[in-house]
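Okay, thanks everyone. Let me put the structure up, and we'll go through what sits around the ligands.

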Amino acid sequence: MRAVAEESRDLADELQRVVQGEVRFDGATRMLYSTDASLYQIQPVGVVIPKRVEDVQAAIEIAARRKVPVLPRGSGSSLAGQAVGAALVIDFAKYMADILHIDRDAATVTVQPGVLVTPLNGELAKHGLMLGPDPASADRATVGGSVGNNASGSHSILYGMMADHVQRVRAILADGSHAAFGPLDAAALVARASGDSLEANIYAQVPAIVNDAMGDILARWPKHWRRASGYNLDRLAAALLPADQRSRLSFDSRFRPPVSDPVAIDHFNLAQLLTGSEGTLAVMTEVTVGLVPRPVRTALAVVHFDDLVEACAAIPDILETEPSASELLDRHMLDLARAQPAFAKRLHFVRGDPAALLLTEYYGASDAELAAKLARLEQHLALRGWKTTTVRVLDKAKQNDVWTVRKAGLNILMSRRGDYKPIPGIEDVSVPPERLADYLGRVLDFCKSQGDIPDVAVYAHASAGCLHVRPLVNTKTARGVELMQALGDYACDLALEYGGAMSGEHGDGFARSSHNPKLFGPKLYATLQAVKRTFDPDNLLNPGKIVDAPPLTEHLRFGPGYQTIQLETVFDWGADGGFAPAVEMCNGSGVCRKLGAGTMCPSFMATKDEHDTTRARANALRNALAGRIPADQLFADTLYDVMDLCLGCKACKSECPSAVDMAKIKSEYLVHYYRHNGLPWFNRMMGLLPTLNELLYKFAPFLVPAVNWGLATPAAKTVLARIGVHPARSLPVYAPETFADWFHRRAAQRAAQGPSTPAPNDPVVIFHDTWVNYNETGIGEAMVRVLEAAGYAVRLAEGHKCCGRPLITGGQAEKAKPWIDHNVALLAPLAYQGIPIVGVEPSCILTLRDEYLDLAADAKRARLLASQAFTFEEFIAREVAAGRFILPHSDRPRRALLHGHCHHKTMVGNESTVAALEAAGYTVEVIPSGCCGMAGDFGYETGHYEISRKIGEDRLFPAVRAAAADTVIVASGTSCRHQIEHFTGRQPVHLAQALAAALTD
Ligand SMILES: Cc1cc2nc3c(=O)[nH]c(=O)nc-3n(C[C@H](O)[C@H](O)[C@H](O)COP(=O)(O)OP(=O)(O)OC[C@H]3O[C@@H](n4cnc5c(N)ncnc54)[C@H](O)[C@@H]3O)c2cc1C
Ligand code: SF4
Ligand code: SF4
């Protein structure tokens, strides 16, 4: 027998010869594709990233010949494990993501499977259209994956599920042949069944299989329309039944979306069978989906309840008022949201401490219509005896806040630190809404009766009878695994009893497929198996999902045997329970794969490659720490490569709903990596710069002009290039006099002129960073002028050291510790006196608030210092709000275009910069930019130059280039300003310079 490795190499070689896209069989790639957003983990055989339909066809044909399973994949955000397997993964999301045709009249769109739902909706909005199903994961979910999962969302009570909209599909079948599926009448169905192709055989067999099982389908099919379990045989059955018999398939509940009525299904359409088949029947290469009109206006009523089960009991009454959605959030979720600043600031719609909220939305053509609908809801609830508080949310931005919290629901839950995690399994049962309260009550009682389940979180689609119930279970213990099984079994019993399904939305995958024999009963289950065999006789398409599945407790990412290597860390990881637990916080939900919005993750936005996501970095490290790859690989180049393109922008700290802090993780990792592999010259130089600058001005300031001249010479460029600085980059020029010297000289001159009048406002200490002190001294000067003009007594942080950022990001965090301890000792006494310490450079001053807490020897004093450390923008916004900062500025109209520094956006937000600019009379437009691409010294490195450019080109550079000549481009980050100037030719200014310009005019 040939060795597996040899066979895999042969397969890779054969694929390489025919595929125009990428073929990757290396260990790192296989590791990165071994998870999705589920509890499961399996290494694939290899990965193909196709560029054309021909690539997909060739890959499947070759795999079929070699009897290698195939697994189509979108963004891998599946929650049940359907996007992982020991198969050849075909990743559609990188290249096959085009919108092929929008037919406005027919209200349809034809796309390649890899297009993301949110950007697609952005295009469709231009035509007043959108996809009906709206999965909460839409910002990274692909259309292919959404069809594969039969996705639905908060508005399913109006729009049903994906299967209600998919019209046509082009696909590659299990043997590598092409097929096109769409609606067929009886004659066309017969015609398609002739011939000896796999497609013809499918058309010959599947109707017969369904007809044979018709009696059982009518008698035993789940009676709830919200079903993602099994295959959509009910849809085929409806098409095969005479029109007057179709109503026998109708669902139990009074409340169901009009589009989900089987009575209306009059064509046999295998595209609808492929929908929800989780890649087990065919691999789609093109999909045509029907669209719905975008709502004109919406309003939300946030209905508060003191009891969770009661909230569910109110659902039928709420549904009588015909909302477009009614979504549940429980107290557990609200508590976790309160603990995360990014969500806490959006919770304006919560009053007191409710046990549950029903976020109930209405559509309307006018505000008056919406107001009437909200009033009707309130009256109706009162009439039915519900004593509730209702918060009306009419403002669009505030409604967005509500939906942001709701859509991040699961991720917020997953942000819980520790080994007890809210596990899926029973998370997706759907029952008729009339029975929801009863169902929930019993599930909660069952969880309570089990012990070792500290809590249960509940949220989601109450209006559709589909609640995500997530008990806290520790799957790293044998008891936890036992509980998983027990919970799944109980949920299946209840689903059967209530006429629902194990999955109402997230699909079967590994989590629920093993319950399908029980859910559907032996006869219908055999029918599902027969359908699978007809499409895929050799069981090669995503095997083990929907039918013939392993137990739900196999292939766990964290099972009882899970252990990790303990590193002696430089940072304090106490709050996470250790370094490995911090890495394990990534739950794979893939928000770091979104495009064109927010900042996380800039490297993925530039490459669209899984390798460059936050998830990939966490995945790689987790596997290495858990010994799933040989121990020596932890500090090998492959792992370093996965970490390399992390810019340390910190966006994941706030945008990753699990708050995975990859910038900090990378800083820790690099310390250990460089201990094993030696520190590169580039990092040495960047780490030494603050010291060299200090020495230059202390001992040889007269050399400054010569140094400036020397640095611009070709010889210096050559030396810099040798240590890794890209030749197109130039280092900042040294100033003739340091900012500190300017400050002291000016103070001395003033003192010589006699006593000055005391400043009306309190003193402020400026924390001047290396760049402002030695290079861009004008910024410091502007800051002093502005603060003094607004009445503050300005002092300098005398004798401080560099904040340590270049060392921290450059893998030398331990060397930064003495500087950090020095600064804490020097500045904490000022903080104790309540004196604000205001930074010029956002990334420097925010280091005092972030990394200092994990690196300082005296944590208590570091916390004290952090409490008084402010960015310039933050300080001004605070003072403006308190009525103390009043800038005497000219009335000339001024426009500013703002790009926020990543660390500032993460830890503070852009709002303070806007407030500061407005206080000086600017009209401000914020560029919806992500990272600039420079990120400290990242963009200087030769190997990073191109990606650095691409990141900036995503949104930032085009916005800057389009700005009018008299618009001031404001960017407070030094690296952001250099990057903008380098690639656009526009010269941005620091906030202080913008304010000073308004002052001096
Ligand atoms: C936080 C969070 C919230 C979520 N909320 C929702 C929600 O509200 N509603 C919902 O429905 N789901 C939800 N999901 C689940 C999931 O994100 C969605 O179902 C999503 O639509 C899947 O898209 P994807 O691109 O990630 O697909 P993947 O996970 O990559 O794939 C999904 C399935 O489709 C198959 N597939 C992918 N491409 C093809 C193809 N070309 N041909 C054939 N089969 C293919 C895969 O094999 C797999 O079985 C959520 C997930 C997370 C993490
Ligand atoms: S890093 Fe965060 S956003 Fe990305 S997959 Fe992990 S948990 Fe999700
Ligand atoms: S720090 Fe920035 S670049 Fe690094 S993983 Fe997080 S979002 Fe991505």
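The space taken by ligand 1 is the largest cavity. By cavity I mean, on a 1 Å grid over the protein atoms alone, a set of points where a 1.4 Å probe fits but cannot get out. This is a predicted model, where local features need pLDDT of at least 70, side-chain atom pairs count only at pLDDT 80 or more, and totals for chains, interfaces and linings use all residues. Residues are numbered from 1 along each chain as written, chains are lettered from A and ligands numbered from 1 in written order, and side-chain values use heavy atoms, with hydrogens and water left out.

So what surrounds ligand 1? There are 38 residues around it, with Pro-72, Ser-77, Ser-78, Ser-137 and Ser-152 the closest; "around" is a heavy atom within 4 Å. By class that's 15 nonpolar, 19 polar and four charged, with Gly counted as polar and Cys as nonpolar. Helix α5 (143-148) is one of the elements giving at least two residues, and α5 has the largest share, four.

Now the polar contacts, meaning N or O pairs within 3.5 Å. Ligand 1 oxygens sit 2.9 Å from a polar backbone atom of Ser-75, 2.8 Å from one of Ala-136, and 2.8 Å from a side-chain N or O of Ser-146. Taken alone, ligand 1 exposes 970 Å², and the protein buries 98% of that (Shrake-Rupley, 1.4 Å probe).

Key. A polar contact is a pair of N or O atoms within 3.5 Å; within protein, one must be able to donate a hydrogen and the other to accept it, and residues adjacent in sequence count only if both atoms are side-chain atoms. On a 1 Å grid over the protein atoms alone, a cavity is a set of points where a 1.4 Å probe fits but cannot get out, and a pocket is an open set with protein on both sides within 12 Å along at least five of seven lines; lining residues have an atom within 4 Å of a point. A molecule sits in a cavity or pocket if more than half of its atoms lie within 2 Å of its grid points.
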